[in-house]
Every structure is written in C-alpha cells, then in structure tokens.
Amino acid sequence: MTNTELWQEYEDGLMFQRKMGFAEDFPRYVRFKEGIQWAAPTPRTRNLPRPVFNIIEMFIRNKRAAVLNQPISMTFSPAESAAGEAGQRAEQNARDMTDYARLLWNRLGQDALNSELIDDAATLGTGILHYYYDDSAGAAGSGPCLGEIRGESIDPLNVFFADPQLCDLQKQEYVLIASRRRVREVRALAQRLGCSRAILAAIVPDTAEADGYGTEPDDGREFCTVLTKYYRKNGEVCFDRATRSAELARGQRLTPQGGRPVTLYPLVVMAWKRRKSASSGSERQKG
C-alpha cells in the first residue's frame, strides 16, 4: 500500500511532536487537571492511600470563568449615515446582519465552543477551533440551500503547521488537520466529491496511534484517519483531503460557487501565553 503525500506530511508532524515532547506532555497536563496525579502503583506502594487535592482543576475553572464572564455578541451598523430611504435601507440591512449573526452563533453552539477553546488553552497552552461547511446538513428554513457552517474544537496534537515557530496562523504556508472518521462516512464523502470507484476501494481502515489520554482505542476495522490540508493558491484558500492510501480531493476551492474569495484559514488559535521558543500550535505553557 502506497502512502499519500499528505500522509507523509502527517508523519513528519507526528515526529516533530514527539521530538518536542508534546505527545507526552499534553496528556499529562490533562490527567493532572482531571485529578489523575499519582504515578502508577508499585508493589511497595499499591496499598498506600492516594489522596488528591485537585487545585489545578480549580485554577483552570477560574481562568475559564475570568475570560468568559462577559457575554459576547456581534452587532452591525451602517458604515455611513444617510438620509431618507437610503438611510432606512442601510439601517435595516445592519439589523438583518445582526440577527443573522445571532442566529448563526446559536446554530454553531459558539458559547460551548468558546468554553472548550478556553479550557484547552488554559490546560495545554493552546486552544484551536475549526470551522467548516457541512454539505450533508440541511438548515431549517434554508429553502433550496444545502449544508450549514459547523464548528469544532480540535486537540492541538491533531493540528500541524508548516512553520511551528510562526505564531501568526494566517501567515502559515499550510495547516494540516487529522481526524478519525468511520470508513463508511469517508466513502460517502468521497462519493459526494465525485471520486472514482478505485479511490472508494482504496479507503480502508487504519490503526491510530495511542493518544496518551487514556481513551479507549476505536475499532480499527471501522475507522480511518482523514487528513485535510489548507493552503493558498493565488491568494485564495484551497484544500486537499486524503486518507493514508486514497486521495479524496486536490486543489478544492474553499470559496462557495458565486461567493467572494475566501482568503483566511477557517481556524482560530488561542495561545494562553506566548513564548519565544514556542509556536502557535505548540505552546508548552502549563496554564
């Protein structure tokens, strides 16, 4: 089985994380926050009590509350004031945009996403949100429109940057995201993308590396790793998508048909504290 180009870049990213110690450090930070703070018992210590006074979880909770204690909203207003019908139309357009922003905020579950972002940033040093268009979703009242914008919080260990020392996300040459999905879902996605039967047959299960968080491994017979790479072509954001053995999309424009060109990567990165030796996706700050 021949690995795809994206898979090689993914393995290079994993090697960098292991070299920097992130693959071991991040799960340890999470375990300490969850109160799993004692070393594994030995024959000499297995019968000793292991009290836990989890002040770390309290610190994280207080930090999260300090950032999220004020409600956030988007409000639009006309750029210029005008009299008569033109002014009324501009005011109405601004109100419509404000209502749409509030509706989209609720559909995205943005308050919950913000909470996850801050929690990851305070625990791991970095929080990452990813926004994408789910063409399999049907928005209520959307009429002939298909799909809807979705958001998700991503573990920093599943995001790989072209330049780990460059803090500005939008200056990155590319951003690579890895996710585990069921094989049947990936094949359905490939069909929607117009992939050939040969590519559909090449979408096969693979085994994920242990994540170190203590989660149960998924069924290797049903899941595979999907890689999505964002980059710019002529200033416009495009993406490639592949599994280990199948290339699903190459040079796909992120801009919807008939829409204005998308020039920004659809991710948000929050670093709790900047460090000279750390990157936008690799903060080693313990909170």
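Colleague: Which residues of helix 2 are buried?
Modeller: The buried residues of helix 2 are Phe22, Asp25, Phe26, Pro27, Tyr29, Val30 and Lys33. Buried means under 20% relative accessible area, exposed means over 50%, and partly exposed lies in between, with a 1.4 Å probe and protein chains only. Helices (H or I, at least four residues) and strands (E, at least two) are DSSP runs, numbered from the N terminus.

Colleague: What kind of model is this, and how are residues numbered?
Modeller: This is a predicted model, in which local features need pLDDT of at least 70 and side-chain atom pairs count only at pLDDT 80 or more, while totals for chains, interfaces and linings use all residues. Residues are numbered from 1 along each chain as its sequence is written, and side-chain values use heavy atoms, with hydrogens and water left out.

Colleague: Back to helix 2. What do its buried residues pack against?
Modeller: They pack against helix 1, helix 3 and helix 5. Contact here means heavy atoms within 4.5 Å. Helix 2 covers residues 22-33, and its 12 residues reach 16 Å from the first C-alpha to the last, close to the 16 Å expected at 1.5 Å a residue. The expected span is 1.5 Å times one less than the number of residues.

Colleague: What follows helix 2?
Modeller: Gly35 follows helix 2, and its phi is positive, near 90°.

Colleague: How far apart are the end C-alpha atoms of helix 3?
Modeller: They are 20 Å apart, which agrees with the 20 Å that the 14 residues of helix 3 (residues 55-68) should span at 1.5 Å a residue. Asn54 caps the N-terminal end of helix 3, with a side-chain oxygen 3.4 Å from the backbone nitrogen of Ile56.

Colleague: Now Glu9. Is it buried or exposed?
Modeller: Glu9 is buried, with a relative accessible area of 17%. Glu9 belongs to helix 1 (residues 5-20).

Colleague: Which residues does Glu9 contact?
Modeller: Leaving aside neighbours within four places in sequence, Glu9 is in contact with Tyr174, Leu176 and Lys229. The side chains of Glu9 and Lys229 are also joined by a polar contact of 3.1 Å. A polar contact is a pair of N or O atoms within 3.5 Å; within protein, one must be able to donate a hydrogen and the other to accept it, and residues adjacent in sequence count only if both atoms are side-chain atoms.

Colleague: Which strands does helix 1 lie across?
Modeller: Helix 1 lies across strand 3, strand 4, strand 5 (223-233), strand 6 (236-242) and strand 7, running at about 95° to strand 5. Axes are lines fitted to C-alpha atoms, for helices over the stretch in contact, and angles run from 0 to 180 degrees between N-to-C directions.

Colleague: In what order do the strands of that sheet stand?
Modeller: The order is 3-4-5-6-7, in an open sheet of 5 strands with antiparallel pairing. Strand 3 (159-161) and strand 7 (247-253) stand at the edges, each with a single partner strand, so one side of each has no neighbour in the sheet. Strand 3 pairs with strand 4 (residues 174-182) over 3 bridges, and Val159 has Ile177 in strand 4 as its bridge partner. Two strands pair if DSSP finds at least two bridges between them.

Colleague: And the sheet with the order 2-1-8, how many strands form it?
Modeller: It is an open sheet of 3 strands, with antiparallel pairing. Its edge strands are strand 2 (148-154) and strand 8 (267-271), each pairing on one side only. Strand 1 (residues 126-134) pairs with strand 2 over 7 bridges and with strand 8 over 5 bridges.

Colleague: Which helix lies across strand 1 and strand 2?
Modeller: Helix 4 (residues 84-108) does, running at about 50° to strand 2. Asn93 is in helix 4 and is partly exposed, with a relative accessible area of 42%.

Colleague: What about Asp119, which residues does it touch?
Modeller: Asp119 touches Lys33, Ile60 and Arg64, not counting residues up to four places away in sequence. Asp119 is in helix 5 and is buried, with a relative accessible area of 14%.

Colleague: Last topic: where is the pLDDT below 50?
Modeller: The protein chain averages a pLDDT of 87, and 87% of the residues score at least 70. Over residues 279-287, however, the pLDDT is below 50. The pLDDT is the predictor's confidence in each residue, from 0 to 100. Where pLDDT is low, the predicted coordinates should not be read in detail.
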